[in-house]
Amino acid sequence: MMNDHRLVMLQVYLQPTNEMFEATFGDPKMGQFSMRNVVPRVVLRSLSVAAATVLAAMLPFFPDIMALFGAFGCIPLDFILPMVFYNMTFKPSKNTIMFWVNNVIAVASSILVVIGGIASIRQIVLDAKTYNLFADM
C-alpha cells in the first residue's frame, strides 16, 4: 500500500495542473459553484489524481524523485532567490551585516542544492537497482 506522504506530495504538485485545467475548461462568466464549472473541476481533478496516484504507486523511489525536485526547486525559491532579490532591490551597502548575511545564506543554500541533488540522484540509482512495479519499500 502506498504511504500517506506520497499522496500529500501528489496533491501539492498537482495544484498547478488543476489550475490549468480549470482555466482551460471552466467558464469565468459562470459562478464558481455553477454546474458548468463544478463538473469539469471534479472530473479533471479526479482523473489527474488517479493518474498521478498510479504513477506514484508504480515508482518505489517516488520520495527520492520528490527530494530531487525539492533540491532544485524548493531550496532556490525559498532560500537563494529571496536573498539575492533583496540585495538587488534594496541595494544595502556592502558594509552592512544584512548584505553579508544574505550572501552567506545564498551561498550556503547553493551548496545544499548541489549536495541534495547529488544525494537524491544517488538514492534514485540505488533504488532503481531493485525496482519492481508497484513495490512498496
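Helices (H or I, at least four residues) and strands (E, at least two) are DSSP runs, numbered from the N terminus. This is a predicted model, in which local features need pLDDT of at least 70 and side-chain atom pairs count only at pLDDT 80 or more, while totals for chains, interfaces and linings use all residues. Residues are numbered from 1 along each chain as its sequence is written, and side-chain values use heavy atoms, with hydrogens and water left out. The protein has four helices and zero strands.

**Overall architecture**

- Along the sequence, the protein reads α-α-α-α. The protein is more spread out than a compact globule, because its radius of gyration is 20 Å, well over the 14 Å that the globule rule gives for 137 residues. That radius is taken over C-alpha atoms, and the rule is 2.2 Å times the number of residues to the power 0.38.
- Taken along the principal axes, the C-alpha atoms occupy a box of roughly 60 × 50 × 20 Å.
- Of the contacts (heavy atoms within 4.5 Å) between residues at least 6 apart in sequence, 69% join residues at least 24 apart.

**Surface and charge**

- The protein carries 9 positive and 8 negative charges, whose mean positions lie 9 Å apart. Lys and Arg count as positive and Asp and Glu as negative, with His and the chain ends not counted; each charge is placed at NZ of Lys, CZ of Arg, CG of Asp or CD of Glu.

**Burial and the nonpolar core**

- Buried residues (under 20% relative accessible area, against over 50% for exposed and partly exposed in between; 1.4 Å probe, protein chains only) make up 27% of the 137 residues.
- Ala56, Leu59, Phe61, Phe62, Ile65, Met66, Leu68 and Ile124 form the largest nonpolar core, of eight residues. Helix 3 (residues 62-90) gives the largest share of this core, four residues. Such a core is a set of buried Ala, Val, Leu, Ile, Met, Phe, Trp, Tyr and Cys residues joined through side-chain atoms within 4.5 Å.

**Individual residues**

- Leu59 sits in the loop between helix 2 (35-58) and helix 3, and is buried at a relative accessible area of 15%. Leu59 and Val49, ten residues apart in sequence, are 15 Å apart from C-alpha to C-alpha.
- Asn37 belongs to helix 2 and counts as buried at 9% relative accessibility. Beyond its neighbours within four places in sequence, Asn37 is in contact with Gly26, Asp27, Met30, Gly31 and Gln32.
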